[in-house]
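The entries follow the order in which I looked.

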Amino acid sequence: MTEQKRLSPGDQAPAFTLPDSEGKPVSLSDYAGRSVVVYFYPAAGTPGCTKQACDFRDSIGDLESSGYDVIGISPDKPEKLAKFVAAEGLNFPLLSDVDRKVLTEWGAFGEKQNYGKTVMGVIRSTFLVDPEGKIKKAMYNVRATGHVAKLLRELPA
């Protein structure tokens, strides 16, 4: 496997502006002064990604009361994200990174193992970004199921 960029606690979170499910631009800088969970997932509407998104949806109150907003990012087009948001009643923005530029900058796209084979793809990853825009926690290769509950247990005070 080739060496890929990985973010670590203390790193400045790479800036981004991406279209949401309605095509409106959303920037990380829109969340300046707030803590945010930024998570990257492979594809809207697939079983694992649906489970993960619904876990975030169902936990949004706990996350917000802990001071965190949530942003999901995938390489899906806004139209597909809009269908996913509507189908699952998602209550946080999903952003479209069709060219995978932001995914790559955050270390969430590259070589990964899939059923014993090395493939290029989205590496399911979650980041906690502090109010100053620094990475507080970087988690790569997270599991779709149970990840949000684990995240809630480990949220820094």
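I began with the word buried, which I take to mean under 20% relative accessible area, with exposed being over 50% and partly exposed in between (1.4 Å probe, protein chains only). I also noted that this is a predicted model, in which local features need pLDDT of at least 70 and side-chain atom pairs count only at pLDDT 80 or more, while totals for chains, interfaces and linings use all residues. Residues are numbered from 1 along each chain as its sequence is written, and side-chain values use heavy atoms, with hydrogens and water left out.

Entry on strand S4. Helices (H or I, at least four residues) and strands (E, at least two) are DSSP runs, numbered from the N terminus. I looked up S4 (residues 68–74) and found that 7 of its 7 residues are buried, so the strand is largely enclosed by the rest of the structure. Tyr68, Val70, Gly72 and Ser74 are buried on one side, and Asp69, Ile71 and Ile73 are buried on the other. I reminded myself that in a regular strand the side chains alternate between the two faces of the sheet.

Entry on the neighbours of S4. Two strands pair if DSSP finds at least two bridges between them. S3 and S4 run parallel and are joined by 6 bridges, and Val36 has Asp69 in S4 as its bridge partner. On the way from S3 to S4 the chain passes through H1, and this β-α-β crossover is right-handed, which is to say that, with the strands pointing away from the viewer, the path from the first strand over the helix to the second runs clockwise. S4 is also joined to strand S5 (residues 94–96) by 3 bridges, again in parallel, with Ile73 opposite Leu95.

Entry on helix H4. Which residues of H4 are buried? I found His147, Val148 and Leu151. Seen down the axis of H4, they fall within an arc of 95 degrees (taken from the directions from the helix axis to the C-beta atoms), so they line one face of the helix. Contact means heavy atoms within 4.5 Å, and the buried residues of H4 pack against S3, H1, S8 and S9.

Entry on His147. This residue has a relative accessible area of 6%, and its side chain makes a polar contact of 2.7 Å with that of Thr126. A polar contact is a pair of N or O atoms within 3.5 Å; within protein, one must be able to donate a hydrogen and the other to accept it, and residues adjacent in sequence count only if both atoms are side-chain atoms.
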